[in-house]
Amino acid sequence: MNESELVTRRAIMGSLAFVALATFFPVSRARAADEAEAFIRSNIDKSYAILNRDASNRQAKFRALLLSIVDTRRIALFTLGPYARGQSQPELDAFIVAFTDYLVAVYKRGLDVYRGKMLEVTGSTERAPGDVIVNAVVDGQQASKTHIDFRVRRQPGGANVITDLQVEGVWLALSQREEFIAYLQQHHGSIAELSSELQRKAGQMWAESRKTNGESSAERAN
C-alpha cells in the first residue's frame, strides 16, 4: 500500500470513527436527559403523595424523601462560600443539619404554593455529562405559568440528585449563598449563629404551613 492509499484509508477510518461517536453521544445524552426528567416526575408525585394524602408523620416522611433526592451537604457547603474554609468539622456538621431542616421547610412551602395545581415537566437540557437542567411549569393560563427548573446531577454511584432549584430565573442555592454571606458578614462569621437562625426560620415556616393547611393537633405532633 503506497503512502497515498494509506492517507486515504486513515481519512476514511477517521470519518467512520467520527460518525460512530456522533451517533453514540446524542443517544447517550438523550438517555441521560430522559432519566433526569423521569427522576423529577417521579419525585414530584412522591412529594405530593406525602403532603396531600399521607397525614401520618408527614414532616418526617417529607424530610426523608428530600434527603434521598437532594444533595443537601453539597448545597449547604456551597451556600457558606469562603466561610466554609477554616471551620471545625463539628460546626460544619451542625450547620448542615440546620440547613437541611431549613431547606426541607423551604421546599415544603414552595409545594404548598402550588397545592392543587399540576407541576408538569416540559423538557431538559444537558449542560455536561451527568449535569442536566430539567424544566417544568405550573399549570394555568399560558401567560401566567410559573417556570421552575431543577438541576440534576448524576453521582459517581449512578444515582441522580437535585443540587439546585430555579424559580422564574432565580436559583435557590445562589440566592441563599448571597443571603448567608451577608448574614455572616454582620455576625462576625459565626456559623453557629447562622445555624440557630436557620433552625428558627425552619420552625416558623412549618408552623405557618400547618396553620395555613388547617392541620389537626395530632398532625402537628408529627
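# Notebook: helices, a sheet and a few residues

**Asn 43.** I started with Asn 43, which is buried at a relative accessible area of 8%. My cut-offs, with a 1.4 Å probe and protein chains only: buried is under 20% relative accessible area, exposed is over 50%, and partly exposed is in between. Asn 43 sits in helix α1, residues 3-53. I took helices (H or I, at least four residues) and strands (E, at least two) as DSSP runs, numbered from the N terminus. What does Asn 43 contact, leaving aside its neighbours within four places in sequence? I found Leu 65 and Ile 69, with contact meaning heavy atoms within 4.5 Å.

**Ground rules.** I am working from a predicted model, where local features need pLDDT of at least 70, side-chain atom pairs count only at pLDDT 80 or more, and totals for chains, interfaces and linings use all residues. Residues are numbered from 1 along each chain as its sequence is written, and side-chain values use heavy atoms, with hydrogens and water left out.

**Whole chain.** I noted seven helices and five strands in the protein chain. Reading along the sequence, I get α-α-α-α-β-β-β-β-β-α-α-α. The protein chain has 222 residues, and 40% of them count as buried. I also looked at contacts with a separation of 6 or more: 53% of them come from residues 24 or more positions apart.

**α2 against α4.** Next I checked how helix α2 (residues 58-69) meets helix α4 (residues 89-113): their axes come within 10 Å and cross at roughly 105°. Axes here are lines fitted to C-alpha atoms, for helices over the stretch in contact, and angles run from 0 to 180 degrees between N-to-C directions. From α2 the contact uses Phe 62, Arg 63, Leu 66 and Leu 67. From α4 I listed residues including Val 97, Asp 101, Val 104 and Tyr 107.

**α3.** In helix α3 (residues 72-80), I found Thr 72, Ile 75, Ala 76, Thr 79 and Leu 80 buried. Looking down the axis of α3, I see these buried residues within an arc of 140°, so they line one face of the helix. The arc is that of the directions from the helix axis to the C-beta atoms. Just after α3, Gly 81 has a positive phi of about 55°. I then looked at α3 with α4: they pack at an angle of about 110°, with axes 9 Å apart. That makes α3 roughly perpendicular to α4. Among the contact residues are Ile 75, Ala 76 and Leu 80 of α3, and Leu 92, Ile 96 and Phe 99 of α4.

**Gln 199.** Gln 199 belongs to helix α6, residues 191-213. Not counting residues up to four places away in sequence, Gln 199 touches Val 97, Ala 98 and Asp 101. I also looked up Tyr 102: it is 97 residues from Gln 199 along the chain, yet their C-alpha atoms are separated by 6.4 Å.

**The sheet.** I traced an open sheet of five strands in the order β1-β2-β3-β4-β5, with antiparallel pairing. Two strands pair if DSSP finds at least two bridges between them. At the edges are β1 (119-128) and β5 (170-171), each with a single partner strand, so one side of each has no neighbour in the sheet. β1 and β2 run antiparallel and are joined by eight bridges; Glu 126 stands opposite Val 132 in β2. Their hairpin has two residues between the strands, and Gly 130 takes a positive phi near 80° there. β2 (residues 131-138) also pairs with β3 (residues 146-154), antiparallel over eight bridges. I noted Phe 150 in β3 as the bridge partner of Val 134.

**α5.** Last, helix α5 (residues 172-186): at 1.5 Å a residue, its 15 residues should span 21 Å, and its end C-alpha atoms are 21 Å apart, which agrees. The expected span is 1.5 Å times one less than the number of residues. In α5, I found Leu 172, Ala 173, Gln 176, Phe 180, Ile 181, Tyr 183 and Leu 184 buried. Down the axis of α5, the buried residues fall within an arc of 160°, so they line one face of the helix. The face turned away from that buried side carries the exposed residues Glu 178, Gln 185 and Gln 186. After α5 comes His 188, with a positive phi near 55°.

Technical notes
Parallel < 35°, antiparallel > 145°, perpendicular 65-115°, else oblique.
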